[in-house]
Amino acid sequence: PKVNNLSSPMYMQTYCILKPNAKSENEKSKNIRDVLFRFGSWCYAGQVQLVPKLSLSDLPHVIPALRIQQSKLDFYCEASEMPGKSIFAPPMEYAARASAAMENELSLSEDALCNLISRLAMMGLGDSVNQWLDGDPSQSFFEFSFAQDKASSDAHNDVELIATKCYNPNGLITMAIYFEGIYYLSVSDGEGEQSLLDCKFPDVAAKGRGYQIRSYPSGVAE
C-alpha cells in the first residue's frame, strides 16, 4: 500500500481536526471530532469531544482541550509511513508544503518591511511603524491566502482546523494554523520552552494593523 513520508528533521506537533458529521441528526454527535495528533515521529488518532462549531478565537483553548483528551487516542502510524488512503494524508501533506512555502515568504519579507519603514520614515512616521513592528510578537502574525484549486479543495474538504508547531534548530518556533481557507504563520523565541509540554498557540482572531507584503496574481510554483 502507498504511504506518505511526512518525516522531518525538526520536532513537530500537529493537530488535525476534521469537521463533524453535518448529516447526523443526533446533536451530541456534532460535538464529536475525528482528530489526528502528531508528536514528533508518532501519530495518534481517535475521537474527542469539542463544541459543535469552532471559531478562530477558540484556538488557544482548543489545543489544551485536545491534550486533556489525549488518552482517548490510539497509535495510528509513524510520520514516515502515513497510509496513502488515510483521510488525514491529504491535509497533512498539503499543510507540510504550505508551511515550507510560508516560511520561505517569511524570509523574503524582511526587505519589504525595511522598505516600508524607510518610506514612512521620510513621512515622519518611522517611530510609529517601528513600535508597531517591534510590538508583542505573540500578537503579530502573517496571513496567507492560497488558491482554491482542486488540490487545495481535496486536501481541506473534510478539515475544520490544522495547527502545527515546529521547533527549529536556530531556537525559533514557527506556528502554522489553517482555518476556513486561510493559513496563518506566527514566529516566537523558543528559549526556555519545553517542547513536550508546550501546547500554546497564538490568538490570530484579533486583527489590528496590517500590511500586504506581496501578492501573486498567477500563483507561485511549489
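Visitor: Which strands does helix α1 lie across?

Guide: This is a predicted model, where local features need pLDDT of at least 70, side-chain atom pairs count only at pLDDT 80 or more, and totals for chains, interfaces and linings use all residues. Residues are numbered from 1 along each chain as its sequence is written, and side-chain values use heavy atoms, leaving out hydrogens and water. Helices (H or I, at least four residues) and strands (E, at least two) are DSSP runs numbered from the N terminus. Helix α1, residues 59-68, lies across β2, β3, β4, β8 and β9.

Visitor: In what order do the eight strands of the open sheet come?

Guide: Strands count as paired if DSSP finds at least two bridges between them. Here the pairing is antiparallel, and β5 (74-78) and β7 (142-145) are the edge strands, each pairing on one side only. The order is β5-β4-β3-β2-β8-β9-β10-β7.

Visitor: Okay, and which residue in β3 stands opposite C16?

Guide: Strands β2 (residues 11-18) and β3 (residues 32-39) run antiparallel, joined by five bridges. Opposite C16 you'll find L36.

Visitor: Which element gives the largest share of the lining of the second largest pocket?

Guide: A pocket is an open set of points on a 1 Å grid over the protein atoms alone, where a 1.4 Å probe fits, with protein on both sides within 12 Å along at least five of seven lines; lining residues have an atom within 4 Å of a point. Of the 20 lining residues, the closest to the centre are M12, A95, A96, S99 and T164. β2, α2 (89-122), β8 and β9 each give two or more residues. The largest share, six residues, comes from α2.

Methods
Contact means heavy atoms within 4.5 Å. Axes are lines fitted to C-alpha atoms, for helices over the stretch in contact, and angles run from 0 to 180 degrees between N-to-C directions.
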